[in-house]
Structures are given as C-alpha cells and as structure tokens.
Amino acid sequence: MPFPGILVAARRSDMAVGFFRGMFASKMQELSCGVPELDAVYDFRTDNVEAAQPLVSGRLAQALTWLSETRPDDPARVALNGSDGFLLLPQTKDFFELPDTSVPLDYAKHVAPMISDMGAMLATAALVRKVGVKDEAAG
C-alpha cells in the first residue's frame, strides 16, 4: 500500500534535511517517534502527519532502533514517497574489495564475507520494506 505523501527520516545534522526543508518548507511538518534516543538523532518530517505518525512511532521506530543497534556508526536514512521507498545505509566499507591481483582468492577469506554482507543488506531492506505494510500483510 503506497504511503499517502512524503515521509523522511534523516540525521538531524544531515544536509538532506536542509534540502527537504527548503524544497517542501510549506508542506513538511516535524514529528517525534517517542523514542528519546531516536528523536535525538533523527529529524522526522512529513506532509501527511495523520498517516505518518503511526509509522514513525511504530514500525519505523522499531526498524531504526534495530538498525542503530546493528549499524551504530552512522544512522540510516529513510524516505517514503507514495509507492517509492528509499533506504540509505552510510558505509565506509567497500563491499567488493578484493585483494591485490597477486593474492590468490580464498573463498572463506574473501568471498564468503561479501556474501554475508550482501545477505545482511537484503535482510535490512526487507525489514524496512515492511515499515508501511498493514499488520496482517507484514508477516
């Protein structure tokens, strides 16, 4: 089910917040998720408070809490706009970093960690995808 509007969860000091605030200044309103740790880090903004508040204080807060526990270095950014959803997971690691060409590839050392990282990213995307799904369809 599409989100009826725009919802953005971005780091409070993130330049994207300024961009969205300037772009949608007249429409976007700030929300609180009710989790002090998240409200301190995130700026939640929407043009549809009625539809956004249950998500922000429910599934989105749960997903962001889980993400902050599993990826504590830099908060994820989330945006919903109708049927489109965006998830930005800031990362300094190069997921496709292979050793120098003179080093023989070792599956356990070089390939398996990449597969594990990709699996974790897909699981994270699947979790965030469920943020806007009705309870009966979330399972």
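## Basis of the model

Because the model is predicted, local features need pLDDT of at least 70 and side-chain atom pairs count only at pLDDT 80 or more, while totals for chains, interfaces and linings use all residues. Residues are numbered from 1 along each chain as its sequence is written, and side-chain values use heavy atoms, with hydrogens and water left out.

## Overall make-up

The protein chain contains five helices and five strands, these being DSSP runs numbered from the N terminus, with helices (H or I) of at least four residues and strands (E) of at least two. Read from the N terminus, the elements follow the order β-α-β-α-β-α-α-β-β-α.

Of the 139 residues in the protein chain, 33% are buried, meaning that their relative accessible area is under 20% with a 1.4 Å probe, protein chains only. Among contacts between residues at least 6 apart in sequence, 55% join residues at least 24 apart, where a contact means heavy atoms within 4.5 Å.

## The sheet

The five strands form an open sheet in the order S2-S3-S1-S4-S5, with antiparallel pairing; two strands pair if DSSP finds at least two bridges between them. Strand S2 (29–31) and strand S5 (84–88) are the edge strands, each pairing on one side only, and from one strand to the next the twist averages 20°.

Strand S4 (residues 77–82) is joined by five bridges to strand S1 (residues 3–11), which runs antiparallel to S4, and S4 also pairs with S5 in the antiparallel sense over five bridges. Val78 in S4 stands opposite Ala9, and the bridge partner of Val78 in S5 is Leu87. One residue lies between S4 and S5 in the hairpin that they form.

## A helix across the sheet

Helix H3 (residues 49–57) lies across S1, S2, strand S3 (42–46) and S4, and runs at about 50° to S1. Such angles, from 0 to 180 degrees, are taken between the N-to-C directions of lines fitted to C-alpha atoms, for helices over the stretch in contact.

## The second largest pocket

The second largest pocket has a volume of about 150 Å³. A pocket is an open set of points on a 1 Å grid where a 1.4 Å probe fits, with protein on both sides within 12 Å along at least five of seven lines, and lining residues have an atom within 4 Å of a point.

The pocket is lined by Thr70, Arg71, Pro72, Asp73, Asp74, Pro90, Gln91 and Thr92, a lining that divides into two nonpolar, three polar and three charged residues.

Terms used. Points joined across faces, edges and corners; volume = space filled by probe spheres on them. Nonpolar A, V, L, I, M, F, W, Y, C, P; charged D, E, K, R; others polar. Buried < 20%, exposed > 50% of the residue type's maximum accessible area, 1.4 Å probe, protein only.
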